[in-house]
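I opened a new notebook page for this structure. My entries follow the order in which I looked things up.

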Amino acid sequence: MIELLTETAVQEPQRIRGLEMPWNRVMGSTEAPARAARALGPWHPQEFMAECVETVPEVGGMMTFVFRRCDGAPLAFRPGQYVNVAFPVDGEDRDAADRSYSLSSSPTKPWTFDITVKCDPTGRVSPWVHQNVKPGTVLDMLGPVGAFHLPDVDRRARYLLLAAGAGITPIMSMVRTIHSLPGQADVVVLYHGAAAGDFAFHKELAYIASVDSRVKVFYSLGDRSKPEGWEGLTGRLTAAMLDEVAPDANGRQVYACGPEGYLNTATELLRKVGVDDTSIYMEFFSGDRQTLLEYQAEVALAGDIAEEIAEEIAQSAEDYYEGQPAAFGLYEPGYDAEGTLDATGLPLEAVDLDAPGPEAPAGDPDVRPEAGSPDASSFDTVGTGSLTLSFMRTGINVRIDPSEHILGVAQRAGVRIGANCKEGMCGSCKVVKLSGEVDMNHQGGIRAREIDAGKFLPCCSTARTDLVIDA
């Protein structure tokens, strides 16, 4: 005999006030915590090897890769943070391609951890990851990294989580974490996707929303046509949509992740509905949308296909969004009282390898500069300051004060250096220091062996002496 299940009125669970991450009390303890407790605290980024133990296909061209640390330790992180992964896309004997991917799993299950990668067919790394990373694959990682995460303790715990496309990955970590913790919370998730079948994790999100009264999930198809049977929202993010899903948005902490255009729009709309800037947290990896479009248009011009590419770019930044994009070169011209500070690269010159090399410096006949190497003393010098940065590829000397960060001064002088987070976390601005000394205050964006090899992060470094830089 089959007993039919009937719905009965169920009281809401009684919960403690607010949310507190499991490691918070360990961090605040006046006594020395046990070793196991210390291991579960996300104190600092570490370098470690991790083995893939499972791959899980997701919709929308995404794949989740489940890893465990090879040393057997847990990976302690805050929900929303990411790891930097070295992918040997060109072979084990070549330099790896570093990419940062958000952790999509919950830190409350620390013995394995997930990254979810969206495959961009035109990308260099993500197609390789989808095709080559399988159970048994071991990769070099650094993390956790990133300031985009939930607080360790929040007595109110009222959140609006905004995601578009692959931006769902750190948001999913937050949702999973909140669902796993006791405590009062009020969470609204608004998830934009390109097609009805492209919402990654939609089954798990539906389950969490059905069993956890603290979490509500809304979906929107952007400006795509509404398919038959679609019960979600349609249209791009608007103030009216924010009011519909979270009329009390101005009383919530907002976390948003997605393409740059989406984030820029969200910032403007959140201000319109009364959310203070101090309550808005966003995951930016490569500048704002306008800067991205300008740079892509510049590349298109160089390839003589500006019109075609620029139109495609203008239609939707989402079409060009890969999980978390790699760094690209950005620069801003500097200015002085006479106008723009120009900087140009060295002219291309044919080198006669059979011709005698430059004369050896006086007093040291055995020391000869490498044939064809530029002489920094011939470079133009711009800026003011007590120290000199010599950029050998660009062919310019830049004056700098010891208190100034190197990246900003270099970019204003016209030196092209890739830059994303500008906080020493992502590692995208990494360059080689040929000589000189710096003070570097990084936050996990560079590995110890890279520092030993002469690399540094100019975004978080100041010069102690004159520097010669391979950029």
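**Entry: a β-α-β unit.** I started with strand S10 (residues 186–192), helix H5 (residues 202–211) and strand S11 (residues 215–220). Together S10, H5 and S11 make a right-handed β-α-β unit. I noted that I am reading a predicted model. Next I looked up how the two strands pair. S10 and S11 run in the parallel sense, paired over six bridges.

**Entry: the open sheet.** I then turned to a sheet of six strands. The sheet is open, its pairing is mixed, and its order is S17-S19-S18-S25-S21-S23. Which are the edge strands? They are strand S17 (380–382) and strand S23 (455–456), and each pairs on one side only.

S17 pairs with strand S19 (residues 396–400) in the parallel sense, over three bridges. There I found aspartate 380 opposite isoleucine 396 in S19.

Strand S21 (residues 431–435) and S23 run antiparallel and are joined by two bridges. Valine 431 has phenylalanine 456 in S23 as its bridge partner. S21 also runs antiparallel to strand S25 (residues 467–470), with three bridges joining them. For valine 432, the bridge partner in S25 is aspartate 470.

**Entry: aromatic pairs.** How many aromatic pairs does a search of the whole structure find? It finds 11. I looked at two of them.

The pair of phenylalanine 67 and phenylalanine 113 is stacked, at 5.9 Å centre to centre and 20 degrees between the planes. Phenylalanine 67 belongs to strand S3 (residues 62–69) and phenylalanine 113 to strand S6 (residues 113–118), so the pair ties together parts that are 46 residues apart in sequence. Both phenylalanine 67 and phenylalanine 113 are buried.

Why is the pair of tyrosine 255 and tyrosine 281 stacked? The ring centres are 4.7 Å apart and the planes are at 15 degrees, and planes under 30 degrees apart count as stacked. This pair also links distant parts of the chain: tyrosine 255 is in strand S12 (residues 253–257), tyrosine 281 is in strand S13 (residues 280–283), and they are 26 residues apart. I checked burial for each. Tyrosine 255 is buried, at a relative accessible area of 3%. Tyrosine 281 is partly exposed, at 30%. Both tyrosines belong to one aromatic cluster, formed by Phe148, Tyr159, Tyr255 and Tyr281.

I also looked up a charge over a ring. The charged end of arginine 69 sits over the ring of phenylalanine 48, 4.6 Å from the ring centre.

**Entry: helices.** I checked helix H4 (residues 168–180) for length. Its 13 residues should span 18 Å at 1.5 Å a residue, and the end C-alpha atoms are 18 Å apart, which agrees. Is H4 enclosed or open to the outside? Of its 13 residues, 11 are buried, so H4 is largely enclosed by the rest of the structure. Among the buried ones are Ile168, Pro170, Met172, Arg176 and Ile178.

Helix H7 (residues 260–272) got the same check. Its 13 residues should span 18 Å at 1.5 Å a residue; the end C-alpha atoms are 19 Å apart, which agrees. Buried residues in H7 include Glu260, Tyr262, Leu263, Ala266 and Leu270. After H7 comes glycine 274, with a positive phi near 95 degrees.

In helix H6 (residues 239–245) I looked up valine 245. Valine 245 counts as buried, at 7% relative accessibility. From valine 245 to leucine 233 is 12 residues in sequence and 9.9 Å in space, C-alpha to C-alpha.

**Entry: cysteines.** How many disulfides does the structure hold? It holds zero. I looked at cysteine 460 in particular. The nearest cysteine sulfur to it, that of cysteine 459, is 4.1 Å away, and a disulfide needs sulfur atoms within 2.5 Å. Cysteine 460 counts as buried, at 7% relative accessibility. Cysteine 257 is buried as well, with a relative accessible area of 1%.

How values were computed. Residues are numbered from 1 along each chain as its sequence is written. This is a predicted model: local features need pLDDT of at least 70, side-chain atom pairs count only at pLDDT 80 or more; totals for chains, interfaces and linings use all residues. Side-chain values use heavy atoms; hydrogens and water are left out. Two strands pair if DSSP finds at least two bridges between them. Helices (H or I, at least four residues) and strands (E, at least two) are DSSP runs, numbered from the N terminus. Rings of Phe, Tyr and Trp (its six-membered ring) pair if their centres lie within 6.5 Å; planes under 30 degrees apart count as stacked, over 60 as edge-to-face and the rest as tilted. Buried means under 20% relative accessible area, exposed over 50%, partly exposed in between (1.4 Å probe, protein chains only). A charge sits over a ring if NZ of Lys or CZ of Arg is within 6 Å of the ring centre and within 35 degrees of the ring normal. A crossover is right-handed if, with the strands pointing away from the viewer, the path from the first strand over the helix to the second runs clockwise. The expected span of a helix is 1.5 Å times one less than its number of residues.
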